[in-house]
Amino acid sequence: MAQPFVKKDDDHDDELEYSPFMGIEKGAVLQEARVFNDAQVDPRRCSQVITKLLYLLNQGESFTKVEATEVFFSVTKLFQSKDTGLRRMVYLIIKELSPSSDEVIIVTSSLMKDMNSKIDMYRANAIRVLCRIIDGTLLTQIERYLKQAIVDKNPVVSSAALVSGLHLLRTNPEIVKRWSNEVQEGVQSRSALVQFHALALLHQIRQNDRLAVSKLVGSLTRGSVRSPLAQCLLIRYTSQVIRDMANHGQSGERPFYEFLESCLRHKAEMVILEAARAITELDGVTSRELTPAITVLQLFLSSPKPVLRFAAVRTLNKVSMTHPMAVTNCNIDMESLISDQNRSIATLAITTLLKTGNESSVERLMKQITNFMSDIADEFKIVVVDAIRSLCVKFPLKYRSLMTFLSNILREEGGFEYKRAIVDSIVTIIRDIPDAKESGLLHLCEFIEDCEFTYLSTQILHFLGIEGPKTSDPSKYIRYIYNRVHLENATVRAAAVSTLAKFGFMVESLKPRITVLLKRCIYDSDDEVRDRATLFLSVLGGDGTLDTDKDSKEFLFGSLEVPLANMETSLKNYDPSEEAFDINSVPKEVKSQPLAEKKAQGKKPTGLGAPPAAPASGFDGYERLLSSIPEFAAFGKLFKSSSPVELTEAETEYAVNVVKHIFDNHVVFQYNCTNTIPEQLLERVNVIVDASEAEEFSEVTSKALNSLPYDSAGQTFVAFEKPAGVPALGKFSNTLTFVVKEVDPSTGEAEDDGVEDEYQLEDLEVVSADYMLKVSVSNFRNAWESMNEEDEHVDEYGLGQRESLGEAIKAVIDLLGMQPCEGTETVPSNARSHTCLLSGVYIGNVKVLVRAQFGMDSSKDIAMKLAVRAEDVSVAEAIHEIVANG
């Protein structure tokens with residue numbers, strides 16, 4: 001029965017919306033599906049039932065094999081109806097049910113009849129359904145019809161065949177590749193949609209042939225594409241060709257740039273935007289090349305269409321990160337967008353202006369932003385705050401107005417992420433601009449008086465403990481800190497006690513007053529607060545708990561030398577016993593999760609669709625794996641395991657990568673192998689390593705892999721001995737050897753006889769960075785000052801011409817294999833100088849810190865001043881030797 005009509009109240013935004021599918025159940029719908037078997041088919045009733053079935057399927061409702069088969073056979077009877085609407089619903093339900101190969105044959109004849117029907121709608125939909133449900137064997141039988149459909153005069157039929165080809169290319173690429181001539185004809189079609197789909201399919205067919213793609217782009221850029229959609233695709237393919245040519249070392253004038261520039265004069269707005277975006281994203285784009293793109297984007301800023309304004313300002317926002325001067329001509333137009341009704345457009349306009357504005361316009365921008373901030377959501381506010389932080393670093397003399405603005409919005413309402421962004425910005429300004437320290441610390445002190453977030457309160461208290469004692473009048477902060485002991489929860493109270501102790505240790509005149517305050521904390525209700533107060537009183541009182549002032553300073557201000565995540569894992573794995581927990585057993589290497597692995601989280605297929613189990617990875621996994629192999633158990637403690645290094649190209653017959661495991665006296669190469677050929681079984685898989693270019697290494701043992709079935713991963717190992725504690729370097733040639741056995745696809749059994757074969761892999765190098773662990777320090781300045789200044793080694797180097805400072809810094813980080821600290825690996829746009837802080841542990845467990853200062857002149861020549869401090873003087877010298885030879 002239909003739901004009663006409800007009058008809508010315009011002022012009531014939260015009114016309930018009724019769904020026609022509310023309360024439907026699978027069982028009831030399956031009962032209704034019996035109408036498909038009626039002698040007199042009711043098209044309207046049947047369409048309603050199919051709609052309910054489609055709704056259930058799209059909501060994730062699972063049908064048993066019997067239920068799906070029953071529905072499928074019932075639906076096939078509806079082909080006898082001549083009702084056009086019902087026929088379209090039948091096509092949809094067959095596609096969604098995905099019948100098995102033995103059931104497909106039931107509808108194949110009906111679909112093939114429709115495919116040759118005089119009704120174009122039947123033909124187009126029948127092609128789509130057939131290509132969705134048939135296998136390769138049946139595809140060869142209808143291939144002729146599909147080729148004819150591609151060049152059909154009706155654009156709906158032609159597009160259906162082309163789109164089906166795009167889907168079939170994933171499962172039957174060899175068959176689809178034979179359609180190139182017909183698809184090429186489709187590219188010349190007068191229909192905009194057919195041309196779009198034909199170009200997409202033709203590019204997919206040729207995508208693995210770089211030369212063929214280049215020829216395709218070259219022929220089409222001469223003006224045979226009329227469809228705006230196809231033109232957008234062509235622009236993307238052209239950008240890819242330009243990137244490929246640059247990556248393969250082609251120099252001189254940039255190819256196809258004239259085509260991209262000509263598209264800026266196209267009559268379709270989507271083509272103009274696509275061309276402008278493509279030009280701005282070119283690698284190493286010059287100001288001259290950017291100018292025409294910036295000009296058309298500037299025109300779109302005043303467009304009456306919000307989507308055009310948004311697209312233009314977003315593109316300009318990205319350009320301003322790398323070429324701020326190129327965008328300055330658009331500033332007047334962007335200022336008018338600050339009051340735009342669309343808050344996304346307004347936010348992008350504000351952040352772009354903050355990146356491109358000059359020093360004289362800062363105050364005016366701050367006034368405009370003040371009125372603007374109350375109207376936008378927290379996620380947009382965070383973007384604005386980050387832009388203000390960058391602006392303050394760019395114009396340090398304007399820190400007063402920017403700091404005042406940040407402190408004002410810090411007092412306003414907002415969520416945790418927003419408040420954290422503001423606090424991080426103030427901390428960055430304090431660290432980078434010494435004159436801003438005292439006012440910034442006072443703003444933070446006032447914030448923690450009313451702060452509702454425990455995490456932020458503890459972070460600010462920790463920062464106060466480091467920076468507060470170094471100010472001209474440290475005593476003015478004590479009141480704010482001690483208030484936290486009375487007014488906050490236990491976590492914040494404990495942090496406040498630690499901060500008070502740091503003031504007492506660093507400022508001798510405050511020690512008596514701090515001692516009195518800490519004594520009051522001994523009677524706190526929380527044991528953590530009481531324990532900290534007692535401990536710090538003994539440290540400040542000098543009762544012999546710590547031997548020297550240096551020990552006390554290290555205890556109060558020193559950083560934890562192991563990553564917290566590793567410490568947490570080790571503590572969870574610790575089995576309480578008579579043997580105490582040893583912090584030296586905690587791995588010091590920073591565990592970084594690959595980007596692809598992060599993206600894959602939450603979307604892990606299960607059952608038959610799940611990939612084969614991956615080999616053990618991560619330091620703990622590698623350590624367990626190697627210690628379980630008797631041949632390597634005697635090598636001692638594992639120092640470091642590298643990230644996997646690919647030894648084969650993508651989409652080759654065999655996929656092999658290697659992990660380098662570094663021990664004090666040995667190096668073990670773990671080769672991870674995957675067999676990608678379906679009808680082959682590999683046995684006695686091994687890697688023969690030629691170490692003729694690695695004189696300091698001698699092979700001691702290897703471990704082969706007995707069997708490697710299709711699509712499964714396995715490991716083979718080769719171990720080398722090297723001089724103890726020495727960072728030996730060398731180059732290794734690798735050859736994969738194995739016995740190939742053919743597998744019968746029907747039975748899955750391998751033949752008894754096999755053929756010996758080999759496969760050449762890429763060379764492998766052991767480099768200096770393999771002997772350095774990435775270990776972060778929470779406070780670089782304290783760690784640097786705690787090392788002996790007399791052992792510091794300083795030298796200057798010329799790094800030659802580079803595109804940017806960021807490229808030079810990345811090259812040095814990769815060469816040394818060290819961990820960047822405090823975000824110093826990120827270089828502000830257009831910076832001419834930068835300091836990068838690095839930390840690590842060298843083989844032999846020697847702690848190393850590096851302070852690298854970079855400078856770039858007008859000709860893009862880069863010079864570097866490198867200062868190194870290490871626990872062992874010889875290691876500091878070794879770091880300089882690595883850079884000198886690198």
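Q: Why is Glu-822 called partly exposed?
A: Glu-822 has 43% relative accessibility. Buried means under 20% relative accessible area, exposed means over 50%, and partly exposed is in between, with a 1.4 Å probe and protein chains only. Therefore Glu-822 counts as partly exposed.

A quick word on the model: it is predicted, so local features need pLDDT of at least 70 and side-chain atom pairs count only at pLDDT 80 or more, while totals for chains, interfaces and linings use all residues. Residues are numbered from 1 along each chain as its sequence is written, and side-chain values use heavy atoms, with hydrogens and water left out.

Q: Where does Glu-822 lie?
A: Look in the loop between strand 14 (819–820) and strand 15 (833–842). Helices (H or I, at least four residues) and strands (E, at least two) are DSSP runs, numbered from the N terminus.

Q: What makes the phi of Glu-822 worth a look?
A: Phi of Glu-822 is near 55°, a positive value in a residue other than glycine. Most residues other than glycine have a negative phi.

Q: What is the phi of Arg-684, and where is this residue found?
A: Phi of Arg-684 is near 50°, which is again positive in a residue that is not glycine. Arg-684 is found in strand 5 (residues 680–693).

Q: Why is Arg-684 called exposed?
A: Its relative accessibility is 52%. Exposed asks for over 50%, so Arg-684 counts as exposed.

Q: Is Asp-524 buried or exposed, and how do you know?
A: Asp-524 has 13% relative accessibility, so it counts as buried. Asp-524 lies in the loop between helix 29 (511–521) and helix 30 (527–541).

Q: Which residues does Asp-524 touch?
A: Leaving out residues up to four places away in sequence, Asp-524 touches Val-485, Arg-493, Val-529 and Arg-530. Contact means heavy atoms within 4.5 Å.

Q: Why is Phe-73 called partly exposed?
A: Phe-73 has 34% relative accessibility, so it counts as partly exposed. You can find Phe-73 in helix 3 (residues 65–76).

Q: What makes Phe-73, Ile-105 and Ile-106 a patch?
A: Patch residues have over 30% relative accessible area and no salt bridge, and nonpolar side chains (Val, Leu, Ile, Met, Phe, Trp, Tyr) are joined within 5 Å. A salt bridge is a side-chain nitrogen of Lys or Arg within 4 Å of a carboxyl oxygen of Asp or Glu. Phe-73, Ile-105 and Ile-106 form a nonpolar patch on the surface, with about 280 Å² of accessible area together.

Key: Patches are made of residues with over 30% relative accessible area and no salt bridge: like charges are joined within 9 Å, nonpolar side chains (Val, Leu, Ile, Met, Phe, Trp, Tyr) within 5 Å. Accessible areas come from the Shrake-Rupley method with a 1.4 Å probe; for residues, only the protein chains shown count as cover.
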